[in-house]
Amino acid sequence: MGNYITHYVVCNLGILKPLYINKSLSNVKILVIKSSINGHQSQTNTLIEYYLNQRKLQGYKDSVIEHDVESVPLPVLTHQRFHALRGAQTDDAELLSTIQLSDQLIAELKRTDILVLGAPMYNLNVPTQLKNWFDMVVRAKHTFFYTDSYPQGLVNNVKALIVSARGGIHQGQPTDAITPYLTAALGLMGINDVHFVYAEGLDMKPEGYLAGVAKAQQQLKDYLHIDI
Ligand SMILES: Cc1cc2nc3c(=O)[nH]c(=O)nc-3n(C[C@H](O)[C@H](O)[C@H](O)COP(=O)(O)O)c2cc1C
């Protein structure tokens with residue numbers, strides 16, 4: 001964690017004194033992708049807001065870009081969209097706008113320091129809406145490229161924080177398809193620093209719910225002090 005000089009202040013006797021600001025507190029770029037179908041009632045979204053608010057309370061000055069891919073859905077991958085995204089020539093306006101959207105989402109991803117993904121469990125996996133975001137950003141030659149062996153990622157220096165609310169308990173069980181899928185999909189793009197915060201047992205009210213939320217909040221607090 002380094003310090004750097006942002007500007008100088010004039011102190012007594014007109015001497016310029018450097019003002020040191022903790023680098024990690026300043027202008028961290030955060031990209032938030034929310035995907036819950038429960039909007040303001042969403043446990044995952046509420047925990048993401050908790051994390052962002054905790055950062056503010058700690059003095060972080062983040063620049064946050066947020067997409068709620070449930071309220072503003074992304075295109076579903078189709079044969080034509082897939083080939084357009086892989087470079088097939090087209091003058092179709094809808095396909096051109098899909099390419100433009102994918103370009104924009106990828107540019108945001110590459111610029112970010114911390115990617116915060118809201119990934120509630122629906123039917124043992126991530127919401128379809130979140131899968132659609134991955135289908136827009138996992139793109140050959142843009143976020144990964146093929147080698148003779150395993151594909152190499154092209155997204156560098158991005159850390160990922162996954163917030164995943166669940167009604168039951170799944171962590172470490174074969175019923176959790178979210179953890180391996182997100183780890184592999186992010187890893188394909190080169191994002192290997194991936195931290196999961198699970199809020200589990202939330203449908204086991206009241207005790208399970210309260211314990212699950214409290215544990216997740218503590219884990220989010222613990223994640224505040226990562227080195228950017
Ligand atoms: C359509 C749907 C499917 C669900 N599937 C599961 C599931 O497979 N396993 C589980 O533990 N909970 C499941 N749940 C419960 C949610 O994971 C739980 O309510 C969680 O808090 C939802 O997060 P959210 O409020 O951020 O959307 C499901 C809920 C919905 C609405």
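Q: Where do I start with the ligand: of the 18 residues around it, which come nearest?
A: Ser-36, Thr-44, Pro-120, Gly-167 and Gly-168 come nearest of those 18. A residue is near a molecule if its C-beta atom, placed from the backbone, lies within 6 Å of it. Keep in mind that this is a predicted model: local features need pLDDT of at least 70, side-chain atom pairs count only at pLDDT 80 or more, and totals for chains, interfaces and linings use all residues. Residues are numbered from 1 along each chain as its sequence is written.

Q: Which helix gives the most to that shell, and how do the shell residues divide into nonpolar, polar and charged?
A: Helices (H or I, at least four residues) and strands (E, at least two) are DSSP runs, numbered from the N terminus. Here helix H1, residues 43-57, gives the most, with three residues. The shell divides into six nonpolar, ten polar and two charged residues.

Q: What does UniProt list for "binding site"?
A: UniProt positions follow the numbering used here, feature names are shortened, and annotations may be inferred rather than shown by experiment. The unreviewed entry lists Ser-36, Met-121, Tyr-122, Asn-123 and Leu-124. They spread over 89 residues of sequence, yet they cluster in space, with a largest C-alpha distance of 13.9 Å.

Q: Is Met-121 buried or exposed?
A: Count other C-beta atoms, placed from the backbone, within 10 Å of the residue's own: 20 or more is buried, 12 or fewer exposed, in between partly exposed. Met-121 has 23, so Met-121 is buried. Tyr-122 has 17 and counts as partly exposed. Met-121 sits in the loop between E5 and H4, and Tyr-122 lies in the loop between E5 and H4 too. Beyond four places in sequence, Met-121 is in contact (C-beta atoms, placed from the backbone, within 7 Å) with Ser-164, Arg-166, His-170 and Ile-178.

Q: Which residues of helix H4 are buried?
A: In H4 (residues 128-137) they are Gln-129, Leu-130, Trp-133, Phe-134, Met-136 and Val-137. Down the axis of H4 they fall within an arc of 160°, so they line one face of the helix. They pack against strand E3 (26-34), helix H3 (93-111), strand E5 (114-118) and helix H5 (178-188).

Q: What is the mean pLDDT of the chain?
A: pLDDT is the predictor's confidence in each residue, from 0 to 100. The mean is 91, and 89% of the residues reach 70 or more. Over residues 1-14 the pLDDT is below 50.

Terms used. Nonpolar A, V, L, I, M, F, W, Y, C, P; charged D, E, K, R; others polar. Arc of directions from axis to C-beta. Contact = placed C-beta atoms within 7 Å.
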